[in-house]
Amino acid sequence: MAVALVLVLIVVGSVLFHLLSPWWWTPIASNWAYIDNTIIITFWITGVVFAAVVLFMAYCVFRFRHREGNRAAYEPENKRLESWLTIVTAVGVTALLVPGLFVWSRFVNVPSDATEVEVVGQQWQWSFRLPGRDGKLGTSDTRDVTADNPLGVIPKDPNGQDDVVVEAADLHLPVGKPVKMLLRSIDVLHDFYVPEFRAKMDMIPGSVTYFWFTPTRTGTFQVLCAELCGQGHPMMHGVVMVDTQQDYMAWLGQQQTFAQLSAPKQTGSADETTGQTAALGPEIAARLETVGSR
Amino acid sequence: MSVILVFLLVIAGFAGWWLSHQRLMAKPWLEQGLASDFVGLDRSALPTAKIGLGVFLAVVGCLFALFTSAYFMRMAVSDWQPLPLPRLLWLNTGVLVLSSVALHCTSVAARRGQIDTVRLGLATAGLTTLAFLVGQLMAWRQLTADGYFLASNPANSFFYLITGMHGLHVLGGLVALGRTTTSAWAGTRPERLRLGVELCAMYWHFLLFVWLAIFALLAGWAATFIDICRQMLT
Amino acid sequence: MVDITPADGIPPAEVAEVELYHPHGWWTKYVFSQDAKVIAVQYSATATAIGLVALVLSWLMRLQLGFPGTFDFITPEAYYQFITMHGMIMVIYLLTALFLGGFGNYLIPLMVGARDMVFPYVNMLSYWIYLLAVLVLVSSFFAPGGPTGAGWTLYPPQAIMSGTPGGQDWGIILMLSSLILFIIGFTMGGLNYVVTVLQGRTRGMTMMRLPLTVWGIFTATVMALLAFPALFVASVMMLLDRVLGTSFFMPAISEMGEQLQHNGGSPILFQHLFWFFGHPEVYIVALPAFGIVSDLISTHARKNIFGYRMMVWAIVGIGALSFVVWAHHMYVSGMHPYFGFFFATTTLIIAIPTAIKVYNWVLTLWRGDIHLTIPMLFALAFIVTFVNGGLTGLFLGNVVVDVPLSDTMFVVAHFHMVMGVAPILVVFGAIYHWYPKVTGRMLDETLGRFHFWVTFLGAYLIFFPMHYLGLMGVPRRYAELTDMTIMTESAHHLNSFISIMAFIVGFAQMVFLFNLIWSIRHGREAGGNPWRATTLEWQTPQTPPAHGNFGKDLPIVYRWAYDYSVPGAKEDFIPQNMPGSFGPSREPA
């Protein structure tokens, strides 16, 4: 009796928790509302199945509990019932899978008008690179990473000279324009993850991965690292600001290109920013050390 | 991962064949008693030890198939520089074939009960296998002397890793062979000795097969072969 | 009606060598024993001991997550060591060892009607190598630099770099060595489990008469034998990368401004190898649980398992399919995106046989005679948690839904529910069910019910709300959840609540341990077949079964394992070794 009641309470409680709890996804800020919709479909289908199975069990436990003189029915199998259940399950699974695959094909096919933005992860900070006037990113190699060339842009590549390098600082993106994020790492695996954008992808040293999205509202969003990357992993935050076109252009105008950064003498202001931000990774390392020695 | 998937497909074929003889479609609740037609389903007529070894060889095969898969995947990266295989490997191959043949003759002799031939065969197999291992070590030394070190290129790393893993399996086999050889001299029951010899022969043939496969792999023929197949398909 | 051959007409299988199995001294009887039942107890005791370590580690983690900043000694470094060791121990050294080494060793020979495993000596070696693997693992806690903190997936490059605890110290080396030993030891045991089912079955025990427990353990062992080599290969190659400087998995790396020697290696290759093992591993743990829970439900509902044939086909089908779904762990790993279509499809297809199993369990309850014994309670709880965890698997298996949810607490909640809580509930149910056979005494009922309710409800309260943290976007493997815009005040409270529940559930396990030890001497006498079950392990002449299991003659099997409540039979169960024909609708075979 108590068991059946508890089973019913589990279903009721779970459904109420789902409906009433304050814990739900963050308001979306990209075009991937499709993903949210697929999750909603999945919640409906799985929720119904969960409630049905557990409630059926509760009923069985209540109705067929042992009483003196009871004897179980003898029924080794029921082919028709089993086939029906298999078919219904297959239909349910297809209903989940098909929309999912459609959205996935959107996810992996980047629209041709997307602008490229490179994200470079390293322990434990984010840097960014945007193509310059030529619209092309220069090639890069981890072997070329030095203190003056933190992203490993190949100095000989003419395409790379006008690239805008944002080292360990905030990234700005214009609202409403599709962007293709090219993801690269110079040490370990990282994962560029902004919960509000829904999309994410691992970054692998030695290769370039990607995903794309269109920011749909302006605002400031926190970047998290979503792939364990050593002890500084939970502190590897960054910031993406989605701006209006004007604000974005204003910001872009203030940034340094690769050629400017690698020139022997730089202006004082640029020195200041890079000096500040480059220290961010080591700063986390230092912080970890003090924590460790406590 | 295609090599391991093909290997598993073969295993699945075996499993499917065996399962298809287990009357999976039967309704067991309708079949009471010990009707005579169930007796055949009890167990295989093969000795249990042979089945055990067969299962073990499937695991070993899986291991080498995975190494091969990893080899092909790593090979696709541009820093791969194939290393020249030492000529000595041909000789080693011959020696290993010899030991396999010796064990085959031994198992034939064991079936006929010719104990002297069995002893001779076991000793030959043991010595040739030792010679194979020494030969492999010499091939390693030759390569390091020529500057092909373990860590200098992934092709080298795989060469040492895969040949080393094969060598370890041969070494393990030598322990079993040693035990069989002692029992041949100690005068064990003939049917027991025969089983031991047959198990050794089975293991040796398998390791010879694995060696030929990895030799083809390391020499680059396997990759060429796959390329040809791929071209024929497209 | 089937022809019933009289029992004395048939020679029982292989009784000649019964003397071989008798041990001669104390050492060979209790320590270096070749008796599968002793080895089973050794495996279970070792697994439980190391599992307790993992339990304490989970408490330490929850202290940090529930009450951030309160406990100074839990540095990020220590936190990562805790999660890594917790995960590794639970998945491999506890669950795999307990289901296959513990239950497999105890139940296979008894259930198929054999005197022992077919290679008892190798079986004994298997345990001692397993123990060695556990000791090497434990030794890493005392090594300089501590155990590895690379996460249980041990992804390179970080696993062997200095930014990870133990990466450039002994931690990772000991971890990989321990895994290699474990795999060698497991292979030895696994050969036994498989070949005993193939060759050790007694007269009349056809495959289709086996209890589903044996089917589950058998299929899981076959899978483990084929899957563990992948982990072996990955471990050996990573060990070479770490110790000898090869570049299997290590690409060119600039670490903290310094160029490392490696070049060209592929981290993705490791992930493929790891998950080629890692996904079947999920089912290696789940299939024995499926099998055992089928038998628990059938026995305690006094009804045959519904759709036995479907259940067998589903086990085999799940086993085969689970080898072609591995990359669903890698949807956001940066592998070729088109793989996503294939692996999402195979992953969702595997949901169908799994769902069939669930339907058949609940349909077994339908029109049964349900005895709410403690094993039955655990079986019911298993269905609830497994259905819950299985359904959230449909979120994560569906490639595009996985994109926002991967590497969040949603994943943590999902796999704990489906391969942590659910199988462990089966382990408990199985222990309450078979303890009387192992010791001859029942476990205490009151303590058992207390243990059940706290464990089941507590675990559900831990992991159900955790999904919603993941939905918010809270990443997993974060030693600190501070400074994050998505972490609301209420989310911190939820974390504290989860931590408190974790302590309560953990302490309930102490009650269980006490019950285990106390009942050996003080439990109620059980008799040979307290649950009135049909399978062979309950028909042994002695309880606990003596060496050789079945006395002078091996049992002869006349029927399948599920003859409960057969119409026309006097009792509501007919043991498998009882001759005679019952039932209204029996046709000739």
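Which residues have the most contacts inside the largest nonpolar core? In this predicted model, they are Met57(A), Val233(C), Phe378(C) and Ile383(C). The core holds 348 residues. Helix H3 of chain C, residues 76–112, gives the most to this core, with 25 residues. Chain A contributes from two domains. Domain 1 (2–65 + 78–108) and domain 2 (115–293) both give residues, so the core lies between them.

Met57(A) has contacts in both chains. Neighbours within four places in sequence are left aside here. In chain A, Met57(A) is in contact with Leu7(A). In chain C, the contacts of Met57(A) are Val362(C), Leu365(C), Leu380(C) and Ile383(C). Ile383(C) is also among the residues with the most contacts inside the core.

Chain A has 294 residues, of which 40% are buried. Its secondary structure consists of seven helices and 10 strands. Among contacts in chain A with a separation of 6 or more, 71% join residues 24 or more positions apart.

The contact between chains A and C takes 88 residues from chain A and 98 residues from chain C. Several elements of chain A each supply at least two residues to the side that touches chain C. The helices are H1 (2–20), H2 (33–63), H3 (79–108) and H7 (280–293). The strands are S6 (190–193), S7 (200–203) and S9 (219–225). H3(A) provides the largest share, 14 residues. By residue class, the side of chain A that touches chain C divides into 52 nonpolar, 23 polar and 13 charged residues.

Note on methods: Residues numbered from 1 in each chain as written. Chains lettered and ligands numbered in written order. Predicted model: local features only at pLDDT ≥ 70, side-chain atom pairs only at ≥ 80, totals over all residues. Helix = DSSP H or I, 4+ residues; strand = E, 2+ residues; numbered from the N terminus. Buried ≥ 20, exposed ≤ 12 C-beta atoms within 10 Å, placed from the backbone. Contact = placed C-beta atoms within 7 Å. Core = buried A, V, L, I, M, F, W, Y, C linked by C-beta atoms within 7 Å. Domains from an automatic or database assignment. Nonpolar A, V, L, I, M, F, W, Y, C, P; charged D, E, K, R; others polar.
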